[in-house]
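Please keep the model open beside you as you read.

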Amino acid sequence: MTKEEKVLVIQDIKDLLQDAKVVYVADLEGLNAGQTSDFRRQAFKQNIKVKVVKNTLLQKAMEQVEGVDYSEMFPTFKGNSVVMIAETANAPAKLIQGFRKKAEKPALKSAFLQETIYVGDNNLDTLANIKSKEEMIGEIIGLLQSPIQRLVSALQNKAEGATEVEAPAVEEVNAEEAPATETPEASAE
């Protein structure tokens, strides 16, 4: 690979990482061509970008990304590496877990999620259990709706209870017993 080609590859990786909030680096070594193809297909279906990279070029690209310090991940860049970029924090971890039900690879090397770096395959379960933005929003909406639903239910029960209670009886007064009042017309006559 010429120096110009390396510069282009580094720029391509840098562009991929620039706005990424979820970056996983995994090891696919040991997977045959069919398994690797299946892994890529499943990643594509889940909107996860997968790119096989050279470790040195990945490190140089990460060093050039502004505003993010990936340096804790660098020691994990040994052997074959694949970069996984996703919008959902737990999607790559779930993909790796699901794929490992059939094989012992891929293995997680390191991950960067919203300002936090995870190093090592032992963090895979933790990463897979992170709730996605959509799951968190759903839970928050559910929590916010719960007190409102209780209030509406209480008000409905109170309203139903009030209609069941009889209104106090109004005394009816007979016209004969009512005191006579003069109307202005009657006094004019």
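1. Let me begin with N47, which sits in the loop that links helix 2 and strand 2. Helices (H or I, at least four residues) and strands (E, at least two) are DSSP runs, numbered from the N terminus. Although N47 is not a glycine, its phi is positive, at about 60 degrees. N47 counts as exposed because its relative accessibility is 57%; the cut-offs are under 20% relative accessible area for buried and over 50% for exposed, with partly exposed in between (1.4 Å probe, protein chains only).

2. A word on the basis of these notes: this is a predicted model, where local features need pLDDT of at least 70, side-chain atom pairs count only at pLDDT 80 or more, and totals for chains, interfaces and linings use all residues. Residues are numbered from 1 along each chain as its sequence is written, and side-chain values use heavy atoms, with hydrogens and water left out.

3. Five strands form an open sheet in the order 2-3-1-4-5, with antiparallel pairing; two strands pair if DSSP finds at least two bridges between them. Strand 2 (49-53) and strand 5 (116-119) are at the edges with a single partner strand each, so one side of each has no neighbour in the sheet. On average, neighbouring strands are turned by 20 degrees against each other, direction ignored. Axes here are lines fitted to C-alpha atoms, for helices over the stretch in contact, and angles run from 0 to 180 degrees between N-to-C directions.

4. Strand 1 and strand 4 run antiparallel and are joined by six bridges. In this pairing, V22 stands opposite L113 of strand 4. Helix 1 (residues 3-18) packs on the sheet, where it touches strand 1, strand 2 and strand 3, and its direction makes about 145 degrees with that of strand 2. Contact means heavy atoms within 4.5 Å.

5. Which residues touch the most other members of the largest nonpolar core? Among its 26 residues, they are Y24, F39, I48, M84, A111, L113 and L127. A nonpolar core is a set of buried Ala, Val, Leu, Ile, Met, Phe, Trp, Tyr and Cys residues joined through side-chain atoms within 4.5 Å. Helix 4 gives the most to this core, with five residues. A second, separate core has 20 residues, including I10, A20, L58 and M73.

6. Do look at S110 in strand 4 (residues 107-113). S110 counts as buried because its relative accessibility is 0%. Its side chain makes a polar contact of 3.1 Å with that of T76. A polar contact is a pair of N or O atoms within 3.5 Å; within protein, one must be able to donate a hydrogen and the other to accept it, and residues adjacent in sequence count only if both atoms are side-chain atoms. Beyond four places in sequence, S110 also touches Y24, M73 and F77, among others.

7. Finally, the rings: the whole structure holds three aromatic pairs. F39 and F99 are edge-to-face, because their ring centres are 5.3 Å apart and their planes are at 85 degrees. This pair ties together parts that are 60 residues apart in sequence, because F39 lies in helix 2 and F99 in helix 4. F74 and F77 make a tilted pair, 5.7 Å centre to centre with 55 degrees between the planes, and both are buried. Rings of Phe, Tyr and Trp (its six-membered ring) pair if their centres lie within 6.5 Å; planes under 30 degrees apart count as stacked, over 60 as edge-to-face and the rest as tilted.
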